[in-house]
Amino acid sequence: MSYPGRSHLELAATLELIHSATLLHDDVIDDSTLRRGQATANALWGNSASILVGDFLYSRAFQLMVRVNHLSVLSALAEATNALSQAEIRQLVHRHDPSLNEATYLQIIEGKTGVLFAIAAGQPAVLANSAATTIQAMTAYGLKLGIAFQLIDDALDYQGAASQMGKARGDDLADGKMTLPLIYALQHGSSSQKKVIREAISHGKRESLDVIIDLLNTTRALDYTHQCAQQAVTEAKTYLNILSPSRYRDALASLAEFALRRVY
């Protein structure tokens with residue numbers, strides 16, 4: 001079905017503003033000093049300015065949401081923003097918590113990353129008055145793509161190059177974040193390896209990074225994380241079968257594959 005409107009542009013801008021706001025707040029929470037190769041806002045101007053600007057971006061996002069003037073889209077965006085906030089709070093609660101399990105971790109990344117991708121993929125179908133089955137399939141595509149994106153992000157924190165990522169390796173470890181590579185290694189490592197991981201997460205010991213990376217390689221935890229991301233991408237691409245063959249469907253499939261190959 002053809003779509004002659006421009007609301008998708010305002011929807012895209014809304015999502016980017018929400019995303020940018022979360023990054024500003026995350027950098028304050030994580031005390032980050034580098035993002036995308038540049039000094040973070042909190043490092044340059046302090047936490048207060050970063051939080052206030054993040055709040056401004058949120059409020060601006062809601063102004064654009066109103067301009068879309070589509071009740072279903074507004075409801076979905078409101079639910080997504082709420083889910084994102086809950087996931088971030090849940091992640092904060094589990095900071096320095098080596099007992100975090102895989103199921104809870106997946107719930108967190110679904111809430112903090114998956115929902116934004118789901119909105120980006122599903123709501124344009126709503127704007128185009130697509131069939132309910134198409135809307136559901138595109139939403140599911142986005143959710144799986146977001147999960148894969150976050151899984152790769154968490155793997156890159158231990159195997160990516162700082163020059164390519166634009167941030168230092170081991171930030172998650174320093175922040176005490178229990179991500180899938182560590183969860184898997186803790187499940188499959190030896191007693192001594194488990195002790196090292198628990199201590200590193202409990203105290204946020206970046207100086208243990210090289211040892212932790214060796215453990216992740218020994219236990220094949222990074223391989224497992226990539227396998228989970230691959231599975232999510234495979235599932236995401238199956239949902240695209242509901243669309244007629246086109247360069248747009250091909251682009252969405254390529255985007256999913258890029259999520260696996262990215263190095264930043």
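Guide: Start with Glu-10, which is buried, with a relative accessible area of 18%. Buried here means under 20% relative accessible area, exposed means over 50%, and partly exposed lies in between, using a 1.4 Å probe and protein chains only. This is a predicted model, where local features need pLDDT of at least 70, side-chain atom pairs count only at pLDDT 80 or more, and totals for chains, interfaces and linings use all residues. Residues are numbered from 1 along each chain as its sequence is written, and side-chain values use heavy atoms, with hydrogens and water left out.

The structure holds ten salt bridges. A salt bridge is a side-chain nitrogen of Lys or Arg within 4 Å of a carboxyl oxygen of Asp or Glu. Glu-10 pairs with Arg-67, and their closest N and O atoms are 3.0 Å apart. This pair links distant parts of the chain: Glu-10 lies in helix H1 (residues 7-30), Arg-67 lies in helix H3 (residues 47-68), and they are 57 residues apart. Helices are DSSP runs of H or I with at least four residues, numbered from the N terminus.

Next, take Arg-262 and Asp-153. Their closest N and O atoms are 3.2 Å apart in a salt bridge. Arg-262 is buried, at 6% relative accessibility. Asp-153 is partly exposed, at 22%.

Finally, Glu-199 bridges to Lys-205, with the closest N and O atoms 3.0 Å apart. Glu-199 is partly exposed, at 35% relative accessibility.

Definitions and conventions:
Helix = DSSP H or I, 4+ residues; strand = E, 2+ residues; numbered from the N terminus.
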